[in-house]
Amino acid sequence: MKENKKGQEKIEVYVGIDVSKEKLDVSLLPTGEYFQVPNDEEGRKEIKERLSPYLVRCIVLEPSGGYEREVLSFLLLNGFPCSLVNAKSVREFARATGKLAKTDKIDAFVLAWYGEAIKPKVAEVRGEIMQELRELVERRGQLVKMKASEENRLRFAKGEVREDIIAHIQWLEGRIREIERKIDEKLKLDEEAKGKVELLESVVGVGRMTAVTMVVKLPELGKVSHKKIASLVGVAPMSDDSGKRKGKR
């Protein structure tokens, strides 16, 4: 336990932040403190100020459609240990502990409780290039989905509507190629990421975009065991045994 400027011992806390587009709900354990701030620059600064008297062991957040990125990046860059956890794992933890009700305040409390009980792995500070790569990969994925939807509509379209869909598909293909070009440019600026992508591409059946996606969404690659990676992705076989029964992995 560290001391603050007045020589007093700092209280150790685990923090849960429930993120939405407009606001951030913040819960602290074991103090029980709760507050809400806007999800903007001023709100992030207020969180930093209000957490400064404490010894923060971990701030737990879960993915929220990208609205968590700014606060996660801000807190990491300001030296706070943060963990972006799997939402499914948190929901299972909530059910296991009897927290069936769901409000933003309760969600923030559950995230803090999850951090205190599970002590998830702390995230690394991600560089600006990696953040831009992640955004480009996600944008490409959105465009690919749009293209697939348009191709499905094309099967039943006729006349001018069909022509319009074809034109839109061609435009989407051009945008996808442009995004891929930008991804290649960004990779040239990060030797570590580029090396990982090239290594993954050497595996039969792994294409470039698959390799890039794995690198930007799994920064743990090359730093933890294959078993931990499989668990993070959610493809690790889990035991399901009870008594004499041997369940499916």
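Modeller: Residues are numbered from 1 along each chain as its sequence is written, and side-chain values use heavy atoms, without hydrogens and water. In this predicted model, local features need pLDDT of at least 70 and side-chain atom pairs count only at pLDDT 80 or more, whereas totals for chains, interfaces and linings use all residues.

Biologist: Why are H3 and H4 called roughly perpendicular to each other?

Modeller: Helix H3 (residues 87–96) and helix H4 (residues 104–118) pack at about 90 degrees, with axes 10 Å apart. Roughly perpendicular covers 65 to 115 degrees, and H3 and H4 therefore qualify. The axes are lines fitted to C-alpha atoms over the stretch in contact, and angles run from 0 to 180 degrees between N-to-C directions. Helices are DSSP runs of H or I with at least four residues, and strands are E runs of at least two, numbered from the N terminus.

Biologist: Which residues make the contact between H3 and H4?

Modeller: H3 contributes Ser89, Val90, Arg91, Phe93 and Ala94, while H4 contributes Asp107, Val110, Leu111, Trp113, Tyr114, Ala117 and Ile118. Contact requires heavy atoms within 4.5 Å.

Biologist: What makes Asn39 count as buried or exposed?

Modeller: Buried means under 20% relative accessible area, exposed over 50%, and partly exposed in between (1.4 Å probe, protein chains only). Asn39 has 16% relative accessibility and therefore counts as buried. Asn39 lies in the loop between strand E3 (34–38) and helix H1 (41–51).

Biologist: Which backbone oxygen does the side chain of Asn39 reach?

Modeller: The side chain of Asn39 reaches the backbone oxygen of Ser20 at 2.9 Å. A polar atom of that side chain also lies 3.2 Å from the backbone oxygen of Tyr67.

Biologist: Why is Pro63 described as partly exposed?

Modeller: The relative accessible area of Pro63 is 47%, so this residue is partly exposed. Pro63 is placed in the loop between strand E4 (55–61) and helix H2 (69–77). Leaving aside neighbours within four places in sequence, Pro63 is in contact with Glu68, Leu84 and Val85.

Biologist: Which residues touch the most other members of the largest nonpolar core?

Modeller: They are Val15, Ile17, Ile47, Ile59 and Leu75, in a core of 22 residues. A nonpolar core is a set of buried Ala, Val, Leu, Ile, Met, Phe, Trp, Tyr and Cys residues joined through side-chain atoms within 4.5 Å. H2 gives the largest share of this core, five residues. Not counting residues up to four places away in sequence, Ile47 touches Ile17, Leu24, Val26, Phe35, Val37, Val71 and Leu75.

How values were computed
Parallel < 35°, antiparallel > 145°, perpendicular 65-115°, else oblique. Polar contact = N/O pair within 3.5 Å; in protein donor to acceptor, adjacent residues only side chain to side chain.
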